[in-house]
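This report describes a ligand site, a pair of metal ions and selected helices and loops. The sequence and structure are shown first, and the discussion follows.

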Amino acid sequence: MTSRRDLGDRVAGGAVAAGGALLAAYLIWYVGGWGGETLRAYVTDGIYPPLALLFTVLAVRAVRTGADARTRAAWSFIALAFACQLVAHTSWFVEDAILHSTTYPSFADYWFLAFVPFMFVALLLLAGVRRTRRDKIKLALDALIVGASTFMVLWYLVLGPILVTDGAGLSEIVYSAALPVGDLLLVLALATVLLRRATAAGTPVRLLAAGVVTYVIADVYYGYIQLHEGFVGGTWPDLFWLLGCYLFTLAAYRQCRRAGDGDAAARHRRAVSTWLPYGAIALAYGLLGTLAREQGMYPFGGMIIGAVLLTGLVVARQMYALRENRDLAVTDPLTGLANRTLVGERLIQLSAQPLRAGRHAAVLIVDLDHFKRVNDTYGHDAGDAVLSGAAAALRSVIRAGDTAGRLGGDEFAVILQNLPDADTAARIAERLVEALRTPVIFGDRLLAVEASIGVAVRDERTVDGEELMRHADTAMYSAKRAGRGRYAVYQPELDSRARDAELRHAIDNGELVVFFQPAVELGGGRIEAVEALVRWNHPERGLLMPGDFIALAEETGAVVPLGERVLRDACREVVRWQSTVPGSEHVRLSVNLSPNQVLQPELVDTVSNILDETGFPAHRLILELTEGVMLEPDAAVVARLEKLRAMGISIAVDDFGTGYSALTYLRRLPVDILKIDRSFVTGIADDPEARTVAEAVVRLGMAFRMNVVAEGIETADQARGLAAMGCGFGQGFHFYRPMDGEAAAEALRTAYDFYGTGD
Ligand code: C2E
Ligand code: CA
Ligand code: CA
C-alpha cells in the first residue's frame with residue numbers, strides 16, 4: 001500500500017517538475033521572440049492541455065487526502081472546476097491552433113465560464129465556518145469592500161465599454177459581461193478565503209488563491225483586448241493563464257502531499273486580512289484619481305480628494321476604536337497591568353522567538369505572602385490597595401519591552417526580555433522582592449506584605465512560554481517553602497514530581513543515611529537517648545538536610561516509606577552497638593514520625609514488624625510527633641497511639657510551644673515526653689519572656705508527670721538555666737551535634753567511659 005502511494009507521489013512530483021521545466025522553456029522562447037505568430041499560437045495553445053490534464057489528475061488525487069469532509073468536498077469542486085479547464089483548453093487548442101476559428105465567444109469560452117461556479121463554491125468551502133455572528137458580519141463587510149472596488153475596476157475596463165460597444169452580437173455582449181461578473185464572484189470568494197483567520201488552510205490554498213488571482217487578471221486583460229482589437233492566441237494574457245495553470249498544478253500537488261504548513265499560513269493570512277480591505281479601497285481611489293486626471297480636475301477632482309480624506313479619517317477612527325477595545329480587553333481593571341489573556345499572548349510570542357545568546361528571557365511569578373490575612377483583617381479595599389501597590393512596585397522595576405501582568409488574585413507574572421545574561425533575571429527578582437516590601441499606605445495604616453517570586457530562565461531545555469510559567473510556579477512554591485519573602489530560580493530538581501521520583505528511588509537505593517544526636521540528662525550529662533535524624537546522601541548534590549526534602553516528601557507521601565526506612569535502619573544500628581559499645585543496651589532511641597505516617601492505619605503493624613525484625617526492644621523506642629497531629633486528633637489516631645503505648649513505646653511531642661498554644665490536649669492524649677522547641681531555649685539566658693515560657697512548659701511537664709527535653713541547647717548558660725528550672729533532659733550542639741552511626745557509637749563509648757553507664 002505505502003509503496004504504491006510512494007510511487008504515485010514520485011510520479012506526480014516528476015510530472016510537476018517536468019511541467020515547470022516546460023513552462024520555463026516556453027517563457028524563454030516567448031521572451032526571446034522566436035517563431036512567427038502562427039507557431040506561437042500553436043505552441044502556446046499546445047501547452048495548456050497537458051498542463052490542465054496534470055492539474056486535473058492531481059486534484060482528483062487530492063480529494064482523498066482532505067483532512068475532513070469539508071476539505072474533501074472543496075477539492076471535489078476544485079477537481080470539477082479543473083476538469084472544465086481541461087475541456088476548455090483542449091477545445092481551444094482545436095479551435096484556435098488547428099481550425100483557426102475566430103468565433104467569439106467560442107465553444108471553449110463557455111467551458112472557461114463553467115469553471116467559475118465550481119471554483120466559487122470550492123473557495124467558499126475552503127474558507128471554512130465562521131464561529132460567531134460578529135465574525136461573519138465583519139468578514140462579509142471586508143469581502144464586500146474588496147468586491148466593490150473590484151467591481152469599479154471591472155466596470156471601467158470591461159463592463160462599461162461593453163454597454164457602449166456598437167455592433168456587438170447579443171451572445172458576445174452576454175459572454176463579455178458574464179466573464180467579468182464571474183471574475184467578480186471569484187474575487188469575492190477569494191477575499192473570503194484570504195480574510196478568514198480561523199482555520200489554518202496551508203500552502204495548497206495559498207497557491208490556489210494565487211492561481212485564481214492570476215487567472216482573473218488574465219481574464220480581465222483578455223476581455224479588454226477582445227473588446228478593442230480582438231484576442232490572438234499566444235499573446236500576453238496567455239502568459240498569465242499559463243502561470244495560473246502552473247499555480248493550480250502546484251496547489252493540487254501540495255494538497256496531495258498534504259504538506260500544508262498550517263502555522264505559517266495562519267500568520268500569513270493574518271497579515272493579508274488586515275491590509276486587504278484597505279488595499280482594495282486604495283485601488284479604487286487610485287482608479288478614480290487617474291480618471292479625474294484624464295477628464296480634468298473639475299468637477300470630480302476635489303470630490304475625489306474629499307472622499308479619499310473622509311475614508312481615511314473613518315479608517316483611522318475605526319483603528320483607534322479597535323485599539324481601545326483591545327486595550328480594555330487585555331488590561332486588568334484594578335492594577336492597570338496586563339491581564340491573563342495578554343500575558344498568555346506574550347508567552348506565545350515568546351515561544352516563537354529564536355534563542356539568541358546575549359538576549360535572554362525569563363518568566364517570573366510573583367505571589368504575595370499572607371495576602372489573605374490583609375483581606376480578612378482590613379477588608380477588600382485594603383486588599384485592593386495592596387494589589388495596586390504591588391503593581392506599582394512591579395512597574396518601578398521592569399523596563400519598557402517587559403510585560404507585567406496580574407494572573408488573578410494576588411498572583412502576578414512578569415516576562416523579562418532582552419536580558420544580557422541569565423543572572424540578570426535573578427537580580428531583577430531580588431530588586432522586585434525589595435520593591436514589594438515597601439508598605440502601602442491605607443487610611444491611617446501602613447500595610448506591609450512581602451512576596452515570593454519564582455524565576456524561570458528561557459534556555460535550550462525550556463523554550464516554551466507556558467512551560468516557563470509552570471517552572472516559575474514551581475520555583476515560586478519553593479521560595480514559599482523556604483520561608484517566603486524571597487525569590488527562587490527554577491532548577492529541574494525543584495520539580496516536585498521529578499524530585500519525588502528521585503527521592504523514592506533514593507529510599508529504595510539506600511541513599512538515605514541516619515544520623516544520631518544524643519540527648520543528655522541535664523543534671524549529670526549521661527546520654528539518655530539518641531534522636532535519629534535523616535540525611536540524604538545525594539549522588540550529585542552531596543549530603544542533604546531534612547529541610548531540603550522532608551516538606552516535599554510530606555506533600556507527596558514519600559515520607560511514609562522514608563520514615564519506615566529510617567526507623568528500621570536506626571533500630572538496626574542501635575542494636576548493633578550493643579555488641580561494640582558496652583552499656584549502650586540502655587540507650588533509648590527517638591525517631592521522628594511525620595503527620596502523614598500517623599494517619600496510616602498500618603502504622604502499628606509496621607512499627608511492630610520492624611521491632612521484631614531488628615530485635616529492638618519496644619520500651620527503648622520513643623516516637624516523636626509534632627504538635628499539629630496532637631491538636632486535632634481523630635479517634636483512630638488516638639487509638640493507634642494508645643496501641644503503640646501499650647506495646648511499651650513512648651510518645652513525645654516535638655517542637656512543643658510552636659504554632660499551637662492549646663495545652664489542654666496534653667491531658668487527653670497518651671504523651672510521655674515534651675520537647676521544648678529551640679526557639680524558647682535560645683532566648684532563655686537574656687529574654688525574660690522566653691524564659692517564662694520555658695519555665696511554664698517545664699512546670700507543665702512536671703505537673704503531667706512527663707519527661708521534659710529542651711532542644712537546641714547551644715551554650716553552657718542555657719544548659720545551666722534549664723537545669724535550674726528543673727528541666728530533666730537536653731539536646732543540642734552544646735552537647736553533641738548529629739553524627740553518623742559510627743561517630744555516635746564512638747561518642748557513646750567515650751561518654752560511658754567518663755560518666756559510666758548509669759547502672
Ligand atoms: P527536629 O525533630 O526538631 O530535629 C532537631 C533539629 O534541630 C535537627 O535538624 C538538629 O540537627 C537540629 N539541632 C539540634 N541541636 C541543635 C542546636 O543546638 N542548634 C541548632 N541550631 N540546631 C540544632 P535536622 O537534622 O536538620 O532536622 C530537621 C527536622 O527534620 C527535624 O526537626 C525533623 O522535624 C525533621 N526530620 C529529621 N529526620 C526525620 C525523619 O527521619 N523523619 C521525619 N518525619 N522527619 C525528620
Ligand atoms: Ca525531633
Ligand atoms: Ca524539634
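## Residue classes and the shell around ligand 1

For the classes used here, Ala, Val, Leu, Ile, Met, Phe, Trp, Tyr, Cys and Pro count as nonpolar, while Asp, Glu, Lys and Arg count as charged; the others, Gly among them, count as polar. On this scheme the shell around ligand 1 comprises 9 nonpolar, 5 polar and 7 charged residues. The model is a predicted one.

There are 21 residues around ligand 1, and those that come nearest are Gln 517, Arg 535, Asp 654, Glu 714 and Phe 733. Strand 9 supplies the largest share of this shell, with 4 residues.

## Polar contacts of ligand 1

A polar side-chain atom of Arg 535 is 2.9 Å from an oxygen atom of ligand 1, and an N or O atom in the side chain of Glu 531 is 3.1 Å from an oxygen atom of ligand 1. The backbone also takes part: a nitrogen atom of ligand 1 lies 3.1 Å from a backbone N or O atom of Val 534.

On its own, ligand 1 has 790 Å² of accessible area, of which the protein covers 82%. Two or more residues of the shell come from each of strand 9 (527-538), helix 17 (546-556) and strand 13 (650-656).

The calcium ion (ligand 2) is coordinated at 2.1 to 2.3 Å by Glu 531 (OE), Asn 592 (OD1), Glu 624 (OE) and Asp 654 (OD). Along the sequence, these donor residues follow the spacing E-x60-N-x31-E-x29-D.

Asp 655 counts as partly exposed, since its relative accessibility is 26%. Asp 655 is placed in strand 13, and its phi is positive, near 50 degrees, in a residue other than glycine.

Helix 15 (residues 465-481) contains 17 residues and spans 24 Å from its first C-alpha to its last, close to the expected 24 Å at 1.5 Å a residue. At its start, a side-chain oxygen of Asp 464 comes within 3.1 Å of the backbone nitrogen of Glu 466. Gly 483, which follows helix 15, has a positive phi near 125 degrees. The buried residues of helix 15 include Leu 468, Met 469, Ala 472, Ala 475, Met 476 and Ala 479. In general, an α-helix has 3.6 residues a turn, so residues three or four places apart point the same way.

Helix 18 (residues 559-580) has 22 residues and reaches 31 Å between its first and last C-alpha atoms, close to the 32 Å expected at 1.5 Å a residue. Among the residues buried in helix 18 are Val 559, Leu 562, Val 566, Leu 567, Ala 570, Cys 571, Val 574 and Trp 577. The buried set of helix 18 also includes Arg 568, Asp 569 and Glu 573.

## Two loop residues

His 370 lies in the loop between strand 1 (360-369) and helix 12 (371-378). Its phi is near 55 degrees, a positive value in a residue other than glycine. With a relative accessible area of 38%, His 370 is partly exposed.

Gln 731 occupies the loop between strand 16 (729-730) and strand 17 (739-740). At 3% relative accessibility, Gln 731 counts as buried. Its side chain makes a polar contact of 2.9 Å with the side chain of Gln 517, and Gln 517 is itself one of the residues that come nearest to ligand 1.

Key
Residues numbered from 1 in each chain as written. Chains lettered and ligands numbered in written order. Predicted model: local features only at pLDDT ≥ 70, side-chain atom pairs only at ≥ 80, totals over all residues. Heavy atoms only, no water. Near = heavy atom within 4 Å. Polar contact = N/O pair within 3.5 Å; in protein donor to acceptor, adjacent residues only side chain to side chain. Areas by Shrake-Rupley, 256 points an atom, 1.4 Å probe, with all protein chains shown as cover. Buried < 20%, exposed > 50% of the residue type's maximum accessible area, 1.4 Å probe, protein only. Expected span 1.5 Å × (residues − 1). Donors = N, O, S within 2.8 Å, 3.2 Å for Na, K, Ca; no water.
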